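Please keep the model open while going through the numbered points.

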Amino acid sequence: MATLRVEITAPDKVEVFEDVAYVSLDASTGSLGVLPGHADILGELGIGMLLVRTSEGEKVFAVAGGFFEVRDGVLRVLADALERQDEIDVERALAARRRAEQMLESSGGGDPKARVALMRARNRLRIAGKG
Ligand code: ATP
């Protein structure tokens, strides 16, 4: 029977899940569901959510971009930054959102770094349930 293992790597953490039933992730091209037996695939992660479901429940992460691949029954996620839902510091994300909004206001909306920072902060707040 096909199985799915998930290996998540970010600069500050590694998480491994065995016998995964289902994964949902936000690829740069849209949302993708991965079940055991999924075809091999390589893609880019957007700023969004990663959900891993096992028999023990669901783990939800905020992801700030990166890459993923499914190969031989292993989904590898290489994230630029990633936080588990319960690790998200809401005050920090609110401050980051305020800073990005102020930078966008003073640049007339044209600062691409501020736009991406705003997306990261909004994503963290949404996943923490505070968006
Ligand atoms: P900030 O301006 O608050 O640093 P940022 O979007 O610039 O936010 P990143 O560069 O995406 O931050 O991430 C840097 C590191 O800080 C990563 O390890 C990331 O997981 C962590 N991080 C960023 N924001 C938060 C948050 N609100 N709660 C928990 N960890 C966070």
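This is a predicted model: local features need pLDDT of at least 70, side-chain atom pairs count only at pLDDT 80 or more; totals for chains, interfaces and linings use all residues.

1. The count of salt bridges comes to 12. Several of the pairs are taken up in turn below.

2. One of these salt bridges joins the side chains of Glu 7 and Arg 76, at 3.3 Å from N to O. Glu 7 belongs to strand E1 (residues 5-10) and Arg 76 to strand E7 (residues 74-79), so that the pair links distant parts of the chain, 69 residues apart. Glu 7 is partly exposed, because its relative accessibility of 21% is not under the 20% limit for buried residues. Arg 76 is likewise partly exposed, at 29%. Both residues belong to a network of salt bridges that links Arg 5, Glu 7, Glu 18, Glu 69, Arg 71 and Arg 76.

3. A salt bridge is also found between the side chains of Asp 86 and Arg 84, with an N to O distance of 2.9 Å. Is Asp 86 buried or exposed? Asp 86 counts as exposed, with a relative accessibility of 61%, whereas Arg 84 is partly exposed at 24%.

4. The domain assignment divides the protein chain into domain 1 (5-85) and domain 2 (89-128). Their centres, taken over C-alpha atoms, are separated by 24 Å. In the contact between them, 12 residues of domain 1 meet 7 residues of domain 2. The area buried between the two domains is about 690 Å², and carbon and sulfur atoms give 66% of this area.

5. How many salt bridges are counted between domain 1 and domain 2? The count is 1. The side chains of Arg 124 and Glu 83 form a salt bridge at 2.7 Å, N to O. Arg 124 lies in helix H2 (residues 112-127) and Glu 83 in strand E8 (residues 82-84), so the pair ties together parts 41 residues apart in sequence. Arg 124 is partly exposed at 21%, while Glu 83 is buried at 15%.

6. Across the interface of domain 1 and domain 2 there are 4 residue pairs in polar contact. On the side of domain 1 that touches domain 2, strands E5 (41-54) and E6 (57-71) each supply at least two residues. E6 gives the most, with 5 residues. By class, this side of domain 1 has 8 nonpolar, 2 polar and 2 charged residues.

7. Finally, Ser 24 is located in strand E3 (residues 22-27). Ser 24 is buried, because its relative accessible area of 13% falls under 20%. Beyond its neighbours within four places in sequence, Ser 24 is in contact with residues including Ser 31, Met 49 and Leu 51.

Definitions and conventions. Residues are numbered from 1 along each chain as its sequence is written. Side-chain values use heavy atoms; hydrogens and water are left out. Domain bounds come from an automatic or database domain assignment. Contact means heavy atoms within 4.5 Å. Buried area is the accessible area (1.4 Å probe) that two parts lose on being put together, summed over both. A salt bridge is a side-chain nitrogen of Lys or Arg within 4 Å of a carboxyl oxygen of Asp or Glu. A polar contact is a pair of N or O atoms within 3.5 Å; within protein, one must be able to donate a hydrogen and the other to accept it, and residues adjacent in sequence count only if both atoms are side-chain atoms. Helices (H or I, at least four residues) and strands (E, at least two) are DSSP runs, numbered from the N terminus. Ala, Val, Leu, Ile, Met, Phe, Trp, Tyr, Cys and Pro count as nonpolar, Asp, Glu, Lys and Arg as charged, and the others, Gly among them, as polar. Buried means under 20% relative accessible area, exposed over 50%, partly exposed in between (1.4 Å probe, protein chains only).
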